[in-house]
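Please open the model in your viewer and keep the selection panel at hand. The tour below goes from one selection to the next and says what is there at each stop.

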Amino acid sequence: MPRKTEKTAAEPDEAAPKRRTTRKRRHYHVYVVELSPEVLRHPRFVRANPGYIDGKPCVYVGMTGLDPDVRFDKHKAGIQANRYVTQFGQRLLPELYELYNPLTYDEARSLEVELGIDLRESGYGVWQS
């Protein structure tokens, strides 16, 4: 009869669950919310946008692991919300972000900043958290 031997650290345990391979999931989204022009009455917003061109849209740029529609609804309901979106958010502007999604977390973080910079340079009023 064969003798049982102790397992060494290098031998896999057949009963142990297998580890997931670290694959980056693309389930993050950047999104842009159009804000009412009333937001321009807030000095903090105006100070953040010295190059704002009168008549251009004011927007909030964010990123989320949720669907952008769900995230917008949460903002409007005051759940983990940005106050400018809660008070002045009118609608999502998918034409400004849809082509980029979905993204990995790192891609979304970078793109959120880049998109905000690009819109601000184009004369938009932009708020980011």
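Which side chain meets that of Arg26 in a salt bridge? In this predicted model, select Arg26 together with Glu107, whose side chains meet in a salt bridge at 2.7 Å from N to O. Arg26 belongs to the segment before β1 and Glu107 to helix α4, so that the pair links distant parts of the chain, 81 residues apart. Both ends are partly exposed, Arg26 at 48% relative accessibility and Glu107 with a relative accessible area of 31%.

The structure holds 3 salt bridges, and the next one to select is that of Arg91 and Glu34, with 2.9 Å from N to O. Because Arg91 lies in strand β3 (residues 89–92) and Glu34 in strand β1, this pair ties together parts that are 57 residues apart in sequence. Is Glu34 buried or exposed? Glu34 is buried, since its relative accessible area is 18% and buried means under 20%, whereas Arg91, at 42%, is partly exposed.

Then select Arg41 and Glu38, whose side chains meet in a salt bridge at 3.0 Å, N to O. Here Arg41 counts as exposed at 65% relative accessibility, while Glu38, at 39%, counts as partly exposed.

An open sheet is formed by 4 strands in the order β3-β1-β2-β4, with mixed pairing; β3 and β4 are its edge strands, each of them pairing on one side only. On average, neighbouring strands of this sheet are turned by 30 degrees against each other, direction ignored. Within the sheet, β1 and β2 pair in the antiparallel sense over 7 bridges, and Glu34, already selected above, has Val59 in β2 as its bridge partner.

Helix α2 (residues 68–77) touches β1, β2 and β3, and its direction makes about 175 degrees with that of β3. Helix α4 touches β1, β2 and β4, and its direction makes about 170 degrees with that of β2.

Finally, select the largest nonpolar core, which has 28 residues; Val30, Val32, Val33, Leu35, Val59 and Leu119 are those with the most contacts inside it. At least two residues of this core come from each of β1 (29–35), β2 (58–64), α3 (83–88), α4 (105–121) and β4 (125–128). Centre the view on Leu119, which, leaving aside residues up to four places away in sequence, touches Val32, Val59, Val61, Leu96, Tyr124 and Val126.

Technical notes
Residues are numbered from 1 along each chain as its sequence is written. This is a predicted model: local features need pLDDT of at least 70, side-chain atom pairs count only at pLDDT 80 or more; totals for chains, interfaces and linings use all residues. Side-chain values use heavy atoms; hydrogens and water are left out. A nonpolar core is a set of buried Ala, Val, Leu, Ile, Met, Phe, Trp, Tyr and Cys residues joined through side-chain atoms within 4.5 Å. Buried means under 20% relative accessible area, exposed over 50%, partly exposed in between (1.4 Å probe, protein chains only). Contact means heavy atoms within 4.5 Å. A salt bridge is a side-chain nitrogen of Lys or Arg within 4 Å of a carboxyl oxygen of Asp or Glu. Two strands pair if DSSP finds at least two bridges between them. Axes are lines fitted to C-alpha atoms, for helices over the stretch in contact, and angles run from 0 to 180 degrees between N-to-C directions.
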